[in-house]
Amino acid sequence: MIADVISGGKRWHIEQGEALAVLRSLPDACVDAVVTDPPAGISFMGKDWDGAKGGRAAWVAWLAAILAECYRVAKPGARILCWSIPRTSHWTGCAIEDAGWLIENVVTHLFGSGFPKGKSQLKPAAEFWYLARKPGGKVQPLQIDRCRVATREDLNGGAYSDGGRAATLPGDTREGASLGMLRPG
């Protein structure tokens, strides 16, 4: 499936197919960012597509080949956000580095929903998202504050406090609208 989508006045292009085939059809340095959720290599629910490809070294080489194509099509300075689970996250990290990406950070997603991927997995569970960058180009700031969810709750005063001043979202004039994370309620 190939689709062009217009969202917010910008054109987004989506292609669906086997990863290496689609990536190899793209020109060099044509992608601004990559977000991927590759198989974890644990044969989840007995599925062949999630197998270890013959063991750690084979699995890392398999994913590194795909991520190397992602690297090739990424513009200098582009970022990749790549999913993994704790059991094989070190495999994923090796594949990212073997493909040439520079790991900048790991985002941890903690959650209590769903079911464990194995009988020994703890709950609440965690998934890791590696944030890496292709060297070169201008390093773009992540602009994390622009991604925060507005809340009326005062979350200032912690270790990273701004001295009690509430930061507001651009254009938000609601009383008490500050940046922060929503707490389950």
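Colleague: How much space lies in the largest pocket?

Modeller: This is a predicted model, in which local features need pLDDT of at least 70 and side-chain atom pairs count only at pLDDT 80 or more, while totals for chains, interfaces and linings use all residues. Residues are numbered from 1 along each chain as its sequence is written, and side-chain values use heavy atoms, with hydrogens and water left out. A pocket is an open set of points on a 1 Å grid over the protein atoms alone, where a 1.4 Å probe fits and protein lies on both sides within 12 Å along at least five of seven lines. Points are joined across faces, edges and corners, and a volume is the space filled by probe spheres set on them; for the largest pocket this comes to about 1,600 Å³.

Colleague: Which residues lie closest to the centre of the largest pocket?

Modeller: Lining residues are those with an atom within 4 Å of a point. The largest pocket has 44 of them, and the closest to its centre are Val31, Asp32, Ala33, Val34 and Val35.

Colleague: Which element supplies the largest share of the lining of the largest pocket?

Modeller: Helices (H or I, at least four residues) and strands (E, at least two) are DSSP runs numbered from the N terminus, and the protein chain has three helices and eight strands. Strand E2 (10–15), H1, E3, H2 and E4 each give at least two residues to the lining. The largest share, seven residues, comes from E4.

Colleague: What percentage of the 185 residues in the protein chain is buried?

Modeller: Buried means under 20% relative accessible area, exposed means over 50%, and partly exposed is in between, with a 1.4 Å probe and protein chains only. By that rule, the buried share of the 185 residues is 30%.

Colleague: Against which elements do the buried residues of H3 pack?

Modeller: Helix H3 spans residues 89–98, and its buried residues are Ser89, Trp91, Thr92, Gly93, Ala95 and Ile96. A contact means heavy atoms within 4.5 Å. The buried residues of H3 pack against helix H2 (56–73), strand E4 (74–84), strand E5 (102–111) and strand E6 (125–133).

Colleague: What distance separates the C-alpha atoms of Pro86 and Ala126?

Modeller: Pro86 sits in the loop between E4 and H3 and counts as partly exposed, at 38% relative accessibility. Leaving aside residues up to four places away in sequence, Pro86 touches Ala126 and Phe128. Pro86 and Ala126 are 40 residues apart along the chain, and their C-alpha atoms are separated by 7.0 Å.
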